[in-house]
Each structure stands twice: as structure tokens, then as C-alpha cells.
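Please have a look at the structure, and then we will go through it together.

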Amino acid sequence: MPRPGGLVTEMAVAERAEPRVADDTASSEPAGASFLAQVWAVARKDLLLEARSRERVLSMGTFAVLVAVVFSFAVDPSIRARSIAGAMIWVTVLFAGTLGLGRSFALEKEADALTGVLLSPVDRGALFLGKWLANMAIVLAVEALIFPVFALFFTLSFQGSLPALAAVVVLATAGFMALGTLFGAVAAHTRLGETLIPILLLPLLTPVVIFACAATQRLLVGRPVSDVVSQLKMLGAFALIFLFVCTALFGAVVEE
Amino acid sequence: METTTRPESPALARLGPAGMDDSLAGTRRWAAGFGVVGMGLLLWGLWMVFFYAPTEAEMGIVQRIFYVHVPSAWTMFLAFGLVALCSAGYLWLRDPKLDAIAVSAAEIGLLFATLVLLTGPLWARVAWGAWWVWEPRLTLTLLLWFMGVAYFMLRGAAENPERGRRFSAILGIVAAVDIPLIHLSVQWWRSQHPKPVVMRPEGAQADPAILQTLFVCLFAFTFLFLSLLLIRYGMERLQQRVHALRAAPR
């Protein structure tokens, strides 16, 4: 386990990269390129912290594998796992993802690092998108573990549908993390903290869950890619809408 | 209008443009007016439900719960719509009055959502033979109820009241975005829930007496909602004043 002190130092080191990027936007409205540079600076900081401690990926991954094991004895052997695997996988992803989201802003709160980030001339939208990008990368890494583990444990095969499956996973995770990053930030500023995240998130995530499960299940039973096009479109639409709304609302979360 | 003789307080000035001058007397008058109209309509509606509307041929007596169920659902949507509207207004203008309307509407919306979820199963047990089925409309309503619960949990758990107001406004907006999405996303499945009988392209299809009764009940619930909303709004404004006075330096 990393020491809290070590974490703070790492954070300070990681943030040293930021002013360089932010300086040229201090006086004017952030232009396209520098906005993206700000997004990348925030994402890079979070990913650097994660790469050094690996605490979120490890805890989420361990949790996900344990859930797969629990499913193996919770589900009656007479039920063919293949017919419910889509639902099992996405429930696991949701719970594992929610578990990791709490850390995203809890870390910033612990050493009051968020104040530092907010004082730097980073656009609030860029801060949100950077956090979103980092959370996306971390959860996608965990999903890259969850899918093979479930495929191994429950003898599933996604062969022939891998590109479509990747599209489903990326689009669903984009929507999931947009809401997750916003409400992760909200929950970090409450007394209940991370306990509140699933309560806020699960009802709001319903559309993502419906389409991700349906598409995954179809690909799993060998239906052609053309059968999941409508689900892919809906997942893409939800990801865009959630990203837009959450980016717009994020400023109201972190203001002092 | 009352003339104010109370000393100016910066804490009260922060409460909004009107501060303490806002006497809430008008709010109370309107609340009482709407309440009287609503109660009158409700009594008339109850008479119609039991003595005027005919018993529906297929479902029998249990159909009469429809006169409570449908107006409750209508009021629930009205309330949550108002929450989203006032939440967006609050984040934009930061007027505590808008927040007070939003939180009052959320509370009443949660009340009517509970009524919908209680009256629905009573009917479903007779008509469908099951208290609950996982059906788009029911699931949607249950989710809306959970969002209402989350709204108050979030509000109560925030580190300070001002944050609570902002956070619950955010949830109010995102929930409003989500509801039509959930509704659309589940429309492709076949629904067991009865189809609309009034708002349909080819015109209303029901006995006129049933429709008249429904409309009286709809108006009764709407007026009662407005009355409850204004009463609760007055309470919320008073509470905001108490908090401001407590927080103010002596």
C-alpha cells in the first residue's frame, strides 16, 4: 500500500507539468489546441498517479475476478452461463467501476490537492474531460481483464465479433464514466462519500446498462454485427449526451 | 404589503433580492386558495368516482383506482419537470427561491410517485394476477422514485447547505435528461401497461362519464399539488432564513 505522504509528493510532481501548458492560456479564452492540452495534462497526472500506485486497477481487478467466482456458485449449474453472461459481465463492470470512481476525487480531497488544481488556470471543462479520460483508461484496462476472465471461467467465445464488442465496451464505458466522473466529484464533497456513488449512479445508468447488456448478449450467442448496430447507435448517443451535460454541469460541482 | 422595520442583515441580504421584505403572505393566500379549489374538486371527483362513473365492463370495480392512479402519475411528472426547470434556473441565476421551489416540488413529486407505486400494484394484482412485473413503465416509475430518494440523500449529506442546493440541482437536471431517455429506450419492448385512453392520435376512446370523472380528478390533483407546493415553499423559505440568521455573525 502506498503511504499517503508518498502520494502527495507524487501529486505535486505530476502537477508540475501543468503550469507550462496552462500559462499560454492564462490571458485569453482557451483555444482548441490548448484546451486539449489542458485535458491531456489532467488525464496524464491521474494516469501517472495510477501507474505508480496501481491501487485502483488492482483493487477493481481483484474485485471483478472475485465477483466472477461468486457468480460461479451463485448461479444454478443447470442454467447455461452463456444465456446470462452479458448481464453478469456488465453487472461486474458496473460494480467494479463504481468501486474505483470513488478514489478519483477522494485522492484529490485527501491532501486538498483539488484546491491546487482549481487555482491553476485550467478550464473547468478541461478538468472534467481530463478526469473522464483517465477514468476511461483505468476502467477500460479493468474491462480488458473482466471479459477474458469471464470467457475463461464460463467458456464463452467472442471470436468473430471482437471489433463490435470493443465498440460496445468503449461507448458504454464513455457514458458510464461521464456520469461516474460527475457524481464521483459530487460524492467526494459529501459526508457519505463513496457510499453515495452507487445510489446516485445506478438509476441514472439504466439506458447504458440496457443497451450494453443487449448488445453483448447478442454478440455472445453469435448474432451478426448488423444485429447490434441500433444498440451501438443508442450507446453512442447516450455517451455524447451524458458527456455534454456532465461537462456543462461540472463547474457547479467544484466551485468554492 | 407589510412595511419592514427589521434591521438590515447581510446574511438576510444574501438570501435573495427580497431578503426579509418578502413576507410570504401572498404565498400563503395563494396556497389557501388553491387548497380550497382543490379540495372542492376532489370532493366532487370522489362523488363522481363512486356514484357517476359507470363500472368498467372488462376490469370491473378495480378500474376505479384509475381515477387516483392517473392523476397521481400526472402530478408526479409535473413535479419532477418543475424540479428540473427550477434546478437549471438555480444553477444559472443562484436565486434561493428557485431552489426552494425545486426542493418543494421534489418532495411532493416523491409523495405522488409513492402513490403511483402503491395504487398500481393494487390494480395489477387483480388485472394481471401479479403485484409487480418488470415492465418498462413500471420500471421507469420505480427508477424515478429512486432518483427522488437520491435527491434528498444527496442534499442531506452535502458538507454545507449551499453545496447541497447545488448538488441536488445537478441531480435534478441529469435525472430529467435521463427520464425521456429511459422512456424511449424501453419503448421497443412490448408493454403490458394499458395504453392511453385520452391522449391518443385518433381521439379519446372511453365512456364520456369516465373521461369527465378523470378530468375532474386531474384538476383536483393539480390544484392540490399547487397548494401543497406553495405551503412547502413557504416552509423552505422560512428555513432558509433561520439558517441564514444562525450562520450570521452576532
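Predicted model: local features only at pLDDT ≥ 70, side-chain atom pairs only at ≥ 80, totals over all residues.

R232(B) is buried at 14% relative accessibility, where buried means under 20% relative accessible area, exposed means over 50%, and partly exposed lies in between, with a 1.4 Å probe and protein chains only. Its partner in a salt bridge is E236(B), with the closest N and O atoms 3.1 Å apart, and by salt bridge I mean a side-chain nitrogen of Lys or Arg within 4 Å of a carboxyl oxygen of Asp or Glu. E236(B) also counts as buried, at 8% relative accessibility.

Residues are numbered from 1 along each chain as its sequence is written, chains are lettered from A and ligands numbered from 1 in the order in which they are written, and side-chain values use heavy atoms, leaving out hydrogens and water.

Where do R232(B) and E236(B) lie? Both are in helix 7 of chain B, residues 208-247, and they sit 4 residues apart, about one turn of the helix; helices here are DSSP runs of H or I with at least four residues, numbered from the N terminus.

Turning to chain A, K131(A) and D46(A) form a salt bridge at 2.9 Å, N to O. This pair links distant parts of the chain, since K131(A) is in helix 7 (residues 124-153) and D46(A) in helix 3 (residues 32-53), 85 residues apart. K131(A) is buried, with a relative accessible area of 1%, and D46(A) is buried too, at 7%.

Now to the two chains together: how many salt bridges cross the interface of chain B and chain A? The rule finds 3, and R166(B) with E255(A) form a salt bridge at 3.4 Å, N to O. On the side of chain B that touches chain A, helix 5 (136-157) and helix 6 (161-185) of chain B each supply at least two residues, and helix 6 gives the largest share, 14 residues. The contact, meaning heavy atoms within 4.5 Å, takes 29 residues from chain B and 30 residues from chain A.
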